[in-house]
Amino acid sequence: MSEKRIVIDPITRIEGHLRIEVVVDENNVVKEAYSGSTLWRGLEQIVKGRDPRDAGFFMQRICGVCTYSHYRAGIIAVENALGIKPPLNAELTRTLMNAALYLHDHIVHFYQLHGMDWADVVSALSADVHKASEEAFKYTDLPFATGADKLKEVKERVEAFVKKGNLGPFANAYWGHSTYKFTPEQNLIVLSHYLECLRIQRTAAQMMAIFGAKNPHPQSLTVGGVTCVMDLMDPARMGEYMSKFAEIKEFVDRAYYPDILMAAKAYGNEPSVLNDVGVANLLCYDEFLIGKNDHLFKGGYILNGDLSKVHEIDEDKITEEATRAWYKNDKALHPYDGETEANYTGLIDGESIDAEGKLAHSKLFDTKGKYSWIKAPRYDGMPMQVGPIASIVINYARGNERVKKVVDEFLAKSGLPLSAVFSTLGRTATRMLEAKVVAEHTMDAFNALVENLKSDQETCAKYVINNKKEYKGNFQGNAPRGALSHWCRIKDGVITNWQAVVPSTWNASPKDAQNQMGSYEACLVGLKIADLSKPLEIIRKIHSYDPCIACAVHVMDTKGNDLSTYKINPNL
C-alpha cells in the first residue's frame, strides 16, 4: 500500500495557528488525521496572583474575535466563586451584548471565513446577472442585494481585480475545484452577500459598543453586574440598539438564511460534505437569558448521536489531559486543578506532498508522541463535539419549541433529513439556524429589560471579598463556537489558579491516552480527496467548526523578552 502525507500549515481564514496532517492511501482516502496548534497558551499564568475582579479584562484578550465571550466568562466565574447574583437588568444587558457578538460572529464566519469554501468566485464572473437575480427568488421572497443592477456592479468590481492580475481578497484559493457545486449565478449571489457583509459586520460591532463602550474588548462588565447604567436609561441609546439589530436581522433573514438554503440544495448529494459527523457525542450549556429564569438554549449532552436521550451535565466529570500535548503533566485533571507547564518536544523529519503534488522533505508531527499545544478535554473520559451543531441538535432533542420551529421549517424547505445535520453541511447550516433563533428572540430580552427598568434600575450587586477565605467557581456557557467554561481558585484575595476549556480545545484536541480523536481529526478519516495538491475538502470541513485556535492556545514570554516588533502607519 502506498501511503502519502499531506500537511496544511497554517489553516487560513481562522483565528490563530492550526496545522492539519493527514495520511492518505493509494485511492486518496484519508486513513489517519492529526490536528495540532503551534502556539502556546499562557494567559492562565498571567492572571495568577492578581485581583479576581481584573480577570475578565485579561481573559477577553485571549482572542480578538470572541472577546466578549471570555470577558463575560471571566466575570461570571468570579461571581460564581464569590456567590454573587447580578441584578436582572445586568443579566439581560449581557444577553443583548451577547446577541451582538453571536450575530456578528456567525455572519462573518460564513461569508468572510467559510463561504469561499462553498462558492467559486472565478465561476461567478461568467454568471448572467439577470438569471442570477431570478435565481435568488427561489430561496426567499425578498432577496438581499441581488437585483440585476447590483449584481452587475459586483461582477464588475471583481473583474477589475482580475484585469489587474490579482483577485485581491479572493486570491490563492482552489477555484475550479471539482467539489464546488454552485452554478455561476449562485456563486454571484453569495459573492454579493460577501461584499455586503463587510458593511453589515460593522453595524454588528457598533451594536456591541452601545452597551460595551467599544468593540472589540468592551469594558462595561464588572463583577456584580454592568456599568452602562446611563446607556440603559437613555431612550436614544436603546433605540439605537433596536435599529442596528433590525439591520442585522434583515441580513440574516434575507441573505444568510437563503444562502445556506441554497447550499443545502446544491450540496445535498456531495459526498465530501456529508456523513462526517466527527465525534457524535455533543455537548452544550444553558445560554441566552431572555427573561427571568428563561434561557433561549438549554444545556446537556447526547451520546453517539442518539436524540432519544439528553443527559444532564455533571461538571465533576470534565477533565483535560496532555498525553499528546506539549505540557509536562499528562494526567487527566479537572480544570480546577489544571496545569499548563510547557514541555515542547518539537517536530520530526519526514516527507509530505507539496503544492505541486510531489513528495518533498518536511517537518512533521511526532504522531507517536506529543504534537500540539492544545490539550484533550474529555467528559467522563469521552471526546465531545461542541458548537452550534450541539446547541441546535440538543435543544431539538429536548423539544425546545423555539428551536424546533426554525429547524423543521429549514428541513422542509431544503428537503434534507434531520440526520443530515451530522455533517460538514450540517455544521454550517446549524450555525445559521442558531443565528436565526438568536435574531428571532433577542427582542424578547430587550423588551424584558425595558419592562424591568420601569420599576427597578439596579445594575450591580454589592459584595465583599474575604481575604481569609478560599473560593472556587466557574463559568459554564456557550460562545459562538460552542461550549465554553472558565474555572478559578481564589486565596488570600488573589487568583491562585485559572483554566479555560474553550470550544476549539474540545473540537481540535489531539488524541488522548486511549487514542480517542477529537472531532477535527475524526471528521477527516474516510474522506476522499480529489486532488492532493488542492485539499479543499479538508479545509472546508475544518472551517465548518469556525476554529479559534487563539482561544485554545495563547503565547507569552515569562522572561519579558520581545517576541516580535511591528511598525504600523496610522495614516494608512
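Visitor: How many residues does helix 10 have, and what does it reach from its first C-alpha to its last?

Guide: This is a predicted model. Helix 10, residues 235-266, has 32 residues and reaches 45 Å between its first and last C-alpha, close to the 46 Å expected at 1.5 Å a residue.

Visitor: Where does helix 10 bend?

Guide: At Val252, by about 35°.

Visitor: Which residue caps the N-terminal end of helix 10?

Guide: Asp234 does, with a side-chain oxygen 2.9 Å from the backbone nitrogen of Ala236.

Visitor: Which side chains make polar contacts with that of Asn474?

Guide: The side chain of Tyr336 does, at 3.0 Å, and so does the side chain of Glu315, at 3.4 Å. Leaving aside neighbours within four places in sequence, the residues in contact with Asn474 also include Ile76, Ala77, Asn80, His486 and Trp487.

Visitor: What is the volume of the largest pocket, and which residues are closest to its centre?

Guide: The volume is about 860 Å³. Of the 32 lining residues, Ile76, Lys85, Glu91, His295 and Gln476 are the closest to the centre. Ile76 is also in contact with Asn474.

Visitor: Which element supplies the largest share of the lining of that pocket?

Guide: Helix 4, with 5 residues. At least two lining residues come from each of helix 3 (67-82), helix 4 (88-114), strand 7 (287-291) and strand 14.

Methods
Residues are numbered from 1 along each chain as its sequence is written. This is a predicted model: local features need pLDDT of at least 70, side-chain atom pairs count only at pLDDT 80 or more; totals for chains, interfaces and linings use all residues. Side-chain values use heavy atoms; hydrogens and water are left out. A polar contact is a pair of N or O atoms within 3.5 Å; within protein, one must be able to donate a hydrogen and the other to accept it, and residues adjacent in sequence count only if both atoms are side-chain atoms. Contact means heavy atoms within 4.5 Å. Helices (H or I, at least four residues) and strands (E, at least two) are DSSP runs, numbered from the N terminus. The expected span of a helix is 1.5 Å times one less than its number of residues. The bend at a residue is the angle between axes fitted to the seven residues ending there and the seven starting there. On a 1 Å grid over the protein atoms alone, a cavity is a set of points where a 1.4 Å probe fits but cannot get out, and a pocket is an open set with protein on both sides within 12 Å along at least five of seven lines; lining residues have an atom within 4 Å of a point. Grid points are joined across faces, edges and corners, and a volume is the space filled by probe spheres set on the points.
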